[in-house]
Amino acid sequence: MTHAAIDQALADAYRRFTDANPASQRQFEAQARYMPGANSRSVLFYAPFPLTIARGEGAALWDADGHRYADFIAEYTAGVYGHSAPEIRDAVIEAMQGGINLTGHNLLEGRLARLICERFPQIEQLRFTNSGTEANLMALTAALHFTGRRKIVVFSGGYHGGVLGFGAKPSPTTVPFDFLVLPYNDAQSARAQIERHGPEIAAVLVEPMQGASGCIPGQPDFLQALRESATQVGALLVFDEVMTSRLAPHGLANKLGIRSDLTTLGKYIGGGMSFGAFGGRADVMALFDPRTGPLAHSGTFNNNVMTMAAGYAGLTKLFTPEAAGALAEKGEALRARLNALCANEGVAMQFTGIGSLMNAHFVQGDVRSSEDLAAVDGRLRQLLFFHLLNEGIYSSPRGFVVLSLPLTDAEIDRYVAAIGSFIGGHAALLPRAD
Ligand code: PLP
């Protein structure tokens with residue numbers, strides 16, 4: 001494998017992509033006049049220019065040039081219902097018929113709150129936000145005030161929202177809280193550092209599986225160590241389940257048998273509308289009780305009727321606990337097939353993850369933290385992305401794969417076949433397994 005050969009393959013992929021997508025390119029250039037990089041959401045940008053997605057139906061997407069794709073990214077996990085579930089559409093229309101922007105407590109928010117609390121038992125009470133980012137900001141704020149402390153433990157490679165991203169240290173756009181960034185999945189270091197800074201620590205914030213870093217499951221002993229250390233020093237354990245709540249009927253933490261003090265939610269739970277929520281122990285959430293608590297929590301759209309209605313319809317009619325379990329099993333089966341394929345082909349490539357979320361990595365051996373991926377050649381992920389587009393599969397340039405309810409078994413087979421043809425077609429460029 002030579003650097004030049006990978007560069008050449010990528011240049012060819014860019015050229016084919018550019019030739020095939022003139023309407024997307026025109027849209028990109030026109031939009032860039034008013035939006036920097038034509039973009040309002042950094043994750044959606046890739047070179048040479050991103051596709052413009054014109055419409056979606058079921059688990060299918062069409063771009064501005066009319067190409068059809070099977071959707072294997074599903075709005076980075078918010079799109080579990082696909083693009084046109086009648087149950088969601090009807091709920092939103094019904095909510096609109098009752099009038100939007102009601103400026104009051106409404107009839108729809110309480111039943112969604114109850115449903116979520118019943119589904120995720122560690123959440124005794126909750127409040128709604130508009131995004132997972134806000135949910136995490138509010139959970140951290142609650143922890144700071146509840147404990148009267150300032151330090152927040154997070155983990156390298158963690159992503160908790162647009163202003164809460166971490167590499168080895170906080171990202172440039174991360175809010176200037178007093179963060180202590182520790183290595184992920186290192187129970188010993190976590191125990192030692194939490195004990196060392198104990199009286200200063202308000203919260204330990206962690207994803208039970210790191211999503212944005214590449215679907216890296218948290219080891220049960222690591223997550224359990226966080227539970228024990230947080231309790232020992234009087235800090236609150238905050239599980240960010242914005243992505244992972246879909247991975248088991250009652251969320252991933254529940255499956256692992258670890259009870260957090262606070263939990264944050266987002267993505268699909270709002271039925272595909274803007275959504276976030278934070279909740280947990282009633283004594284902590286009481287901070288926000290306007291009758292008795294010291295803290296305000298505002299947000300014009302927190303209880304907007306469309307989200308409240310779509311969320312309820314989605315969780316009761318479509319993504320029930322049983323459906324969540326079934327989708328997770330489907331994902332486990334897919335990941336096993338993909339990993340068997342990589343092993344049979346003898347390439348240093350694997351899919352990590354849990355249930356319906358997984359990520360392709362061009363590396364051998366255990367992936368326990370984002371540091372284990374540091375040496376991976378990012379150009380290979382791009383080559384895979386463009387190969388999948390050619391095969392009619394829309395995924396993510398970072399190799400993230402997300403299953404949704406309307407994806408068929410035939411489409412899943414097509415995805416596996418596309419990985420097979422990628423490996424076959426790029427054999428000379430891919431690292432070999434030992
Ligand atoms: N937390 C995790 C684990 C996420 O993956 C994300 C988004 O990808 C967020 C929080 C932020 O959610 P939102 O994009 O709704 O602000």
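Guide: In this predicted model, Ala, Val, Leu, Ile, Met, Phe, Trp, Tyr, Cys and Pro count as nonpolar, Asp, Glu, Lys and Arg as charged, and the others, Gly among them, as polar.

Visitor: Which residues are around the ligand?

Guide: They are S131, G132, T133, N136, Y159, H160, G161, E207, D240, V242, M243 and K267.

Visitor: How many residues of each class does the shell around the ligand have?

Guide: The shell has three nonpolar, six polar and three charged residues. Helix α5, residues 132-147, supplies three residues, the largest share of the shell.

Visitor: What are the distances from the ligand for G132 and D240?

Guide: For G132, a backbone N or O atom is 2.9 Å from an oxygen atom of the ligand. For D240, a polar side-chain atom is 2.7 Å from a nitrogen atom of the ligand. Taken alone, the ligand exposes 390 Å², and the protein buries 84% of that.

Visitor: Which pocket is the space taken by the ligand?

Guide: That space is the largest pocket.

Visitor: Why is the pairing of D178 with K151 called a salt bridge?

Guide: The closest N and O atoms of D178 and K151 are 3.1 Å apart. A salt bridge requires a side-chain nitrogen of Lys or Arg within 4 Å of a carboxyl oxygen of Asp or Glu, so this pair meets the criterion. The partners belong to distant parts of the chain, with D178 in strand β6 (residues 178-182) and K151 in strand β5 (residues 151-155), 27 residues apart. In the whole structure, 17 salt bridges are found.

Visitor: How do you know whether the peptide bond from A47 to P48 is cis or trans?

Guide: Its omega is near 0 degrees, and the bond is cis. P48 itself is in the loop between α2 (22-31) and β1 (53-57).

Visitor: What is the phi of N101?

Guide: N101 has a positive phi of about 55 degrees, although this residue is not a glycine. N101 is placed in the loop between α3 (86-97) and α4 (109-119).

Definitions and conventions:
Residues are numbered from 1 along each chain as its sequence is written. This is a predicted model: local features need pLDDT of at least 70, side-chain atom pairs count only at pLDDT 80 or more; totals for chains, interfaces and linings use all residues. Side-chain values use heavy atoms; hydrogens and water are left out. A residue is near a molecule or strand if one of its heavy atoms lies within 4 Å of it. A polar contact is a pair of N or O atoms within 3.5 Å; within protein, one must be able to donate a hydrogen and the other to accept it, and residues adjacent in sequence count only if both atoms are side-chain atoms. Accessible areas come from the Shrake-Rupley method with a 1.4 Å probe; for residues, only the protein chains shown count as cover. On a 1 Å grid over the protein atoms alone, a cavity is a set of points where a 1.4 Å probe fits but cannot get out, and a pocket is an open set with protein on both sides within 12 Å along at least five of seven lines; lining residues have an atom within 4 Å of a point. A molecule sits in a cavity or pocket if more than half of its atoms lie within 2 Å of its grid points. Helices (H or I, at least four residues) and strands (E, at least two) are DSSP runs, numbered from the N terminus.
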